[in-house]
Amino acid sequence: MPPTDRVLALDLGTSSARALVLSSSDASPVPGALARHKITPTYSTGGSATIDLHAYVEGLLGCLDELQQGGHLDGITEIVLSSQWHSIVALDNGGALTPVITWADTRSVAPRLDPAFDEHAFHARTGAWLHRLYWPRRIPWLLSEVDATSFAGLPDLVLERLTGERVTSVSIASGTGSLDLATGEYDAEALAIAGVTPDRLPEIVPSGWTGVLAASFARRWPGLVGVPIHPPTGDGAASNVGTGGYDESTAAVTVGTSAAVRVVHPIDQAPELPWELWRYRVDDKRAVTGMAFSAAGNLHAWLTKVLQLDEAHQEPTDVEIGSSRVIAIPFQAGTRPPETVPGGSGVYFGLSFDDEAADLLAASLQGASLEIDRGLRMLDTLFDRQLEVVLGGGGIDASAWWRRCLTATFARPTDVCAEAEVGARGAAAVALGLSPTPGGEHLDPAPADVDRIDLLRPRYQTLRSLAVQAAQELTK
């Protein structure tokens, strides 16, 4: 008998596009039913960080072909998507005018603002800042470069390729920085700043919307004909739910290419948003509040390449947590808003001829852990409790040392999500109303590690402040 009640999840990442099959009962991956297409963004000294749209979509469709050849597309009852936030593509009636502009791209323009513009009210309403990461600054820049008639994000265009309909979800729309979080509609002031009207952006559909596969794919994947395709969930929101952090008692820390710490909570009666945190939507009823960090798994990958570390030395296992004399400020990819530290601002303090590769690696992972801890403590204050913590993502899955370091830095127990594909798992959970549990190991912080981190913390904060000042001076 063919399998039944399975979910096909498409995960639209920055470093890979993946298609995998999950159980519909608990969103756990079906063994062997995963196909991956590696993505290599193009970077330039001018600040561009782009992805070839055609190659991305065709690579994703190739993943479905691979699953089809393995017989894994039989018994699929739902199709869900998890996607990177913040991407944008300029379009005209003939198609894409630009590649996919990713979150890491630093190009934009400062828009002309009404003298009465209130940035704090804008942030409270949209959950975003008037920053290059978001569409109100991206769109004016793109309009100065190309004669675009409309704009869409990567997940919107993937969904259009699959269904023939160009629509977006409230979750993806919130990542554009152009959504009124309370109403779930495009924010009038954000659109005015961007210089567009709503009809030039994808229509926002409710969380219960579903599409179906376009007729042109019927012969290619016959098992998917008529299967409901759900609106995409932003990867941050999906990852939270996928790790088991789906209510206001729990903060989820996810480490992939970048990292974040976030709390999912009802959108109704949400606590007032602090200036340092962002807020996006999970679905029609829930929001996610948190802080993101540009250096995480990409930092580890860069160091292992630069230091030429073989597989046996890609963890600093012989370095005690918090003990390295070296302090690393992980600003290689800059900072997320509201801070304005540019990329290329990473710093090491305290290097000596005694230091080895493991010391540099440990210092970098500790620096990233201290950055995440800064966000966690703000969320503790916002939700008026010491939050429980779950850890998830590829970086967490790959490094036992980093898991222990994060637990010691947070100075509280953590639970580890047993599933590496937390974005896909979360997208399925959001669409199907599931409440997955972490299912992995439970970690208690080692007292000696906590003591060393506590001694390191004030030194780190002092040196971090100096690094921020130096970066801002160098960009004047």
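Two strands pair if DSSP finds at least two bridges between them. I kept that rule at hand while going through this structure, which is a predicted model.

**Entry 1: strand E1 and its partners**

I began with the hairpin. E1 and E2 form one, and three residues lie between them. I then looked up how E1 and E2 run: they are antiparallel, and seven bridges join them. E1 covers residues 6–12, and E2 covers residues 16–23.

Next I checked E6, residues 76–83. E1 and E6 run parallel, again with seven bridges. Here I picked Leu10, and its bridge partner in E6 is Leu81.

In E1, Arg6, Leu8, Leu10 and Leu12 point one way. Val7, Ala9 and Asp11 point the other way. Both groups are buried, Arg6 and Asp11 included.

**Entry 2: the seven-stranded sheet**

I moved on to an open sheet of seven strands with mixed pairing. I wrote down its order as E18-E19-E17-E16-E22-E23-E24. Which strands are at the edges? They are E18 (278–281) and E24 (439–443), each of which pairs on one side only. Neighbouring strands of this sheet are turned by 30° against each other on average, direction ignored.

Within this sheet I looked at E16 (residues 250–255) and E22 (residues 388–392), which run parallel and are joined by five bridges. Thr254 stands opposite Gly392 in E22.

I followed H9, residues 357–382, across the strands. H9 lies across E16, E17 (259–266), E18, E19 (286–293) and E22. Relative to E19, H9 runs at about 150°.

I then looked up how H8, residues 297–306, packs with H9: the angle is about 170° and the axes are 10 Å apart. That angle makes H8 roughly antiparallel to H9, because angles over 145 degrees count as such.

Which residues make the contact? From H8 I noted Leu299, His300 and Leu303. From H9 I noted Leu360, Leu361, Ser364 and Leu365.

Key. Residues numbered from 1 in each chain as written. Predicted model: local features only at pLDDT ≥ 70, side-chain atom pairs only at ≥ 80, totals over all residues. Heavy atoms only, no water. Buried < 20%, exposed > 50% of the residue type's maximum accessible area, 1.4 Å probe, protein only. Helix = DSSP H or I, 4+ residues; strand = E, 2+ residues; numbered from the N terminus. Axes fitted to C-alpha atoms, helices over the stretch in contact; angles between N-to-C directions. Contact = heavy atoms within 4.5 Å. Parallel < 35°, antiparallel > 145°, perpendicular 65-115°, else oblique.
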